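Please study the sequence and the structure before reading the solutions.

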Amino acid sequence: MSTSRITFLKGHGTENDFVIVPDPDNALDLPVPVVARLCDRRAGIGGDGLLHVVRSAAHPEAREMAEQAEWFMDYRNADGSVAEMCGNGVRVFARYLQRAGHVAEGDLGVATRGGIKRVHIAKDGDVTVSMGRAVLPEDGVTVTVDGRSWDARNVNMGNPHAVAFVEDLAHAGELRSVPPFSPQSVYPDGVNIEFVVDRGPRHVAMRVHERGSGETRSCGTGACAVAVAAARRDDADPARTGAPATYTVDLPGGTLVITEYPDGGIDMTGPAVIVAEGVIDPAWLETMIG
C-alpha cells in the first residue's frame with residue numbers, strides 16, 4: 001500500500017456508519033489489519049464497516065458488471081473481513097458518488113459481491129435501493145440467549161440472516177458476541193442475527209448482531225430480512241396475495257421502509273448522510289503496514 005496522501009470520508013445510514021475510502025483505480029491494497037484499525041473506534045477512524053470505492057472495470061471481482069454499473073462497492077466488515085453486501089452501505093455509497101459529482105439525482109447501478117443493486121436518489125434526500133429477492137432456505141436455527149430460546153427464520157439477502165421474533169428486545173442480551181445458535185452447520189460462514197418485536201400493524205422494531213461487526217445501530221439487509229420474515233408470519237406474502245407488503249422497521253439508529261413486491265423484488269428506503277472528510281496520516285498508516 002502506498003503511504004502517500006489517502007483521503008477518507010465518514011458517513012452513515014440510520015447510524016450504521018462507515019469509513020469511505022475513494023480509490024477509483026483500485027490502487028490501494030487494504031489488508032485485514034489496516035481495515036480493522038481504520039474501523040476501530042478508539043485507535044482509528046471508527047465504523048461498522050469500510051466502503052472501498054472502486055470503478056468496476058478496475059476490480060477483478062467486478063469487471064463483468066462494469067457495463068451495467070460503473071462503480072463497485074468493495075465492502076469490508078469492521079474486523080477487516082470481506083462481505084457480500086451491506087444495504088445501508090449501498091445508500092451511503094450512492095450518497096458519496098453524488099457528493100463527489102460522479103452521479104446526480106435519479107437512478108444508477110452499484111456493483112456489489114451480491115450482484116448489481118439498483119439505486120434511486122430522491123430529491124428529498126432519501127435513497128432507495130432495489131435489494132433483489134430474498135431466498136428462504138427451509139433449514140432454520142434455534143437461537144438461545146440467557147436461557148431463552150427462539151426458532152429463527154432463515155432468510156438470505158445476498159448475505160445470511162436468522163430472524164427471531166421475541167417479546168422484548170432486551171431479551172437479545174448484549175449482542176457484542178455472536179448469540180449461540182444451533183445447528184451451526186446451517187450457517188458455516190457465520191450469520192447476521194435479528195431480534196424483532198411488534199410495534200403495530202406492519203410496524204416492527206429490531207436489534208441485530210452483524211457478522212464480523214457485533215451489534216450495530218442499523219442493518220439494511222437485516223431490515224429486509226425482517227420484513228420478509230414478518231410478511232410470511234403475517235400471511236402477507238406478496239407472491240400469494242398479489243399485493244405489495246410494506247413494513248416500517250425501527251432500528252436503534254433510525255427507521256427504514258421496506259416494500260416487497262409480488263415478483264419478489266424488495267425496495268429499501270432511508271436516509272444516507274456524509275458527515276466528515278479528511279486525510280489518513282501517512283506516518284500512522286506506515287505503522288500499520290510496516
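Two residues are in contact when heavy atoms lie within 4.5 Å. The model is predicted, so local features need pLDDT of at least 70 and side-chain atom pairs count only at pLDDT 80 or more, while totals for chains, interfaces and linings use all residues. Residues are numbered from 1 along each chain as its sequence is written, and side-chain values use heavy atoms, with hydrogens and water left out.

**Exercise 1.** Describe the surroundings of Val110.

*Solution.* Step 1: Val110 belongs to strand E5 (residues 106-112); strands are DSSP runs of at least two residues, numbered from the N terminus. Step 2: the relative accessible area of Val110 is 0%, and buried means under 20% with a 1.4 Å probe, protein chains only (exposed is over 50%, partly exposed in between). Val110 is therefore buried. Step 3: leaving aside residues up to four places away in sequence, Val110 touches several residues, among them Trp71, Phe93 and Ile116.

**Exercise 2.** Classify the aromatic pair of Phe18 and Tyr75.

*Solution.* Step 1: rings of Phe, Tyr and Trp (its six-membered ring) pair if their centres lie within 6.5 Å; planes under 30 degrees apart are stacked, over 60 edge-to-face, the rest tilted. Step 2: the whole structure holds 3 aromatic pairs. In one of them, Phe18 and Tyr75 are 6.0 Å apart, centre to centre, with 75 degrees between the planes, which is edge-to-face. Step 3: Phe18 lies in strand E2 (residues 16-22) and Tyr75 in strand E4 (residues 71-77), 57 residues apart.

Methods
Helices (H or I, at least four residues) and strands (E, at least two) are DSSP runs, numbered from the N terminus.
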